[in-house]
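Please open the model in your viewer and follow the stops below in order. Each stop names what to select and then describes what is found there.

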Amino acid sequence: MAVTALFALPQGSGTPRVAFLHGLLGQGKNWATIAKGLGDRVPSVLLDLPNHGRSPWVGDVSYPHYADLVAADLRARLAGQRVTLVGHSMGGKVAMALALRHADLLDGLVVVDIPPDRSAGGYGFATYLDALAAMPLDRLTSRGDADRRLAPTVADPGVRAFLLQNLHREGHGWRWLPNLAVLRRNIDAVSGWPEVIGRPWPGPVLWVRGAESPYVRDEHRPAMRSLFPAVRLVTIKNASHWVHADAPEAVTATLAAFLTAVSR
C-alpha cells in the first residue's frame with residue numbers, strides 16, 4: 001500500500017526542529033520523555049515507523065525504502081525547513097540511510113546504540129518476534145496474562161513491558177500493532193545494512209552508545225567514519241541498549257548540547 005503519512009506525536013508548537021525514530025518493535029512514544037525534557041522551545045515530532053505502532057504496513061522493509069518513506073513524510077511536515085534526526089537501533093539505521101539519501105533535509109544526525117553493520121541473529125529480536133506471534137490472542141484474559149505467557153521466553157521484565165506495549169485491546173479481543181509476519185520474514189534485512197546506500201554525509205553526527213550495551217564496538221568506528229566523517233562518539237554510563245530509557249537525563253542533556261551546537 002502507498003504511504004501518505006506516518007503516525008506522529010508532536011511535542012511543542014511550531015515546525016519541528018527534531019524528529020525521533022524508534023527501534024524494532026518500538027513506537028514513537030518511546031522518545032516522549034526525552035522530547036519533553038528538551039522543552040517547548042525545541043518542538044519535535046515522534047514518528048511511528050512503517051509496520052509499527054499506528055503507521056501503515058508495507059511489504060518492503062529495506063532501509064532505503066524506509067528512509068524514503070520517512071523523508072517524504074518529513075518534507076510534508078517541515079515546509080522547507082531542516083531538522084535534526086534522532087534514531088535508536090533500527091530507527092538509527094533508518095536515520096543513517098536518510099542522511100545518505102536525503103542530505104538536504106537534515107541539520108544534524110543522532111544515532112543511538114547502533115552501527116552500520118550486519119548482525120546474523122537480528123540482535124535476538126527474531127526470538128521476540130516468534131514469541132509474540134505465538135501468543136494465543138484469542139485466549140488472553142488480560143495484559144498480565146500476556147506477560148506471564150511471555151516470561152518463559154523473555155526473562156527480563158523491562159523487555160517484556162517494552163514488547164507488550166504493542167499489544168492493543170480491540171473490543172473484547174486483542175491484536176498486535178506491528179506487522180509481525182513481515183518483520184519476521186525480513187529480519188535479515190532489518191538486522192543488516194546495505195553495501196551501497198548513498199553518498200557520505202559531511203554534517204554533524206552524534207553517535208551515542210550505552211556503556212553496558214554490546215551493540216556499538218570500537219571496531220565499528222572505521223565504517224561509521226567512512227559514511228559520516230564528522231561523527232563524534234559519546235558513551236552513556238549505566239545504560240544498556242535502550243539508552244534513552246535507562247539514562248533519560250544524560251541523553252536529554254547530551255542531545256540538548258548537540259542541538260545548541262548545530263544551531264550556531
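Predicted model: local features only at pLDDT ≥ 70, side-chain atom pairs only at ≥ 80, totals over all residues.

**The whole chain**

The chain holds eleven helices and nine strands. Along the principal axes, the C-alpha trace spans about 55 × 40 × 35 Å. Of the 264 residues, 55% are buried.

**The open sheet**

Next, colour the strands. Seven of them form an open sheet with mixed pairing, in the order S1-S3-S2-S4-S5-S8-S9. Its edge strands are S1 (8–11) and S9 (231–236), each of which pairs on one side only. From one strand to the next, the twist averages 20 degrees.

Select S8 (residues 205–210) together with S9: these two strands run parallel and are joined by six bridges. Val205 has Val231 in S9 as its bridge partner.

Now move to S3 (residues 44–47) and select Ser44, which lies in this strand. Is Ser44 buried or exposed? Its relative accessible area is 2%, and a residue under 20% counts as buried, so Ser44 is buried. Beyond its neighbours within four places in sequence, Ser44 is in contact with Leu9, Pro10, Gln11, Pro16, Val18, Phe20 and Ala35.

Select helix H2 (residues 63–78) and helix H3 (residues 90–101). Their axes are 8 Å apart and the helices pack at an angle of about 75 degrees, which means that H2 is roughly perpendicular to H3. The contact of H2 with H3 has, by class, eleven nonpolar, no polar and three charged residues. Among the residues that meet there are Tyr63, Ala67 and Leu74 in H2, and Met90, Val94 and Leu98 in H3.

H2 lies across S1, S2 (18–21), S3 and S4 (83–88), and runs at about 150 degrees to S3. H3 lies across S2, S4 and S5 (106–112), and runs at about 145 degrees to S4.

**Val190 and its surroundings**

Select Val190, which is part of helix H8 (residues 187–190). Which residues does Val190 touch, not counting those up to four places away in sequence? They are Leu24, Val61, Tyr63, Met90 and Lys93. Tyr63 in H2 and both Met90 and Lys93 in H3 also belong to the contact visited at the previous stop. Val190 and Leu24 are 166 residues apart along the chain, while their C-alpha atoms are separated by 8.2 Å. Val190 counts as buried because its relative accessibility is 8%, and the cut-off is under 20%.

**A hairpin**

Finally, select S6 (residues 167–170) and S7 (residues 173–176). How do pairs of strands hold together in general? Strands of a sheet pair through backbone hydrogen bonds, either parallel or antiparallel. S6 and S7 run antiparallel and are joined by four bridges. They form a hairpin with two residues between them, and Gly171 in the turn has a positive phi of about 65 degrees. Across the pair, Arg169 stands opposite Trp174 in S7.

In a regular strand, side chains alternate between the two faces of the sheet. In S7, the covered face has Trp174 and Trp176, whereas the uncovered face has Gly173 and Arg175.

Key. Residues numbered from 1 in each chain as written. Heavy atoms only, no water. Buried < 20%, exposed > 50% of the residue type's maximum accessible area, 1.4 Å probe, protein only. Contact = heavy atoms within 4.5 Å. Pairing = 2+ DSSP bridges. Axes fitted to C-alpha atoms, helices over the stretch in contact; angles between N-to-C directions. Parallel < 35°, antiparallel > 145°, perpendicular 65-115°, else oblique. Nonpolar A, V, L, I, M, F, W, Y, C, P; charged D, E, K, R; others polar.
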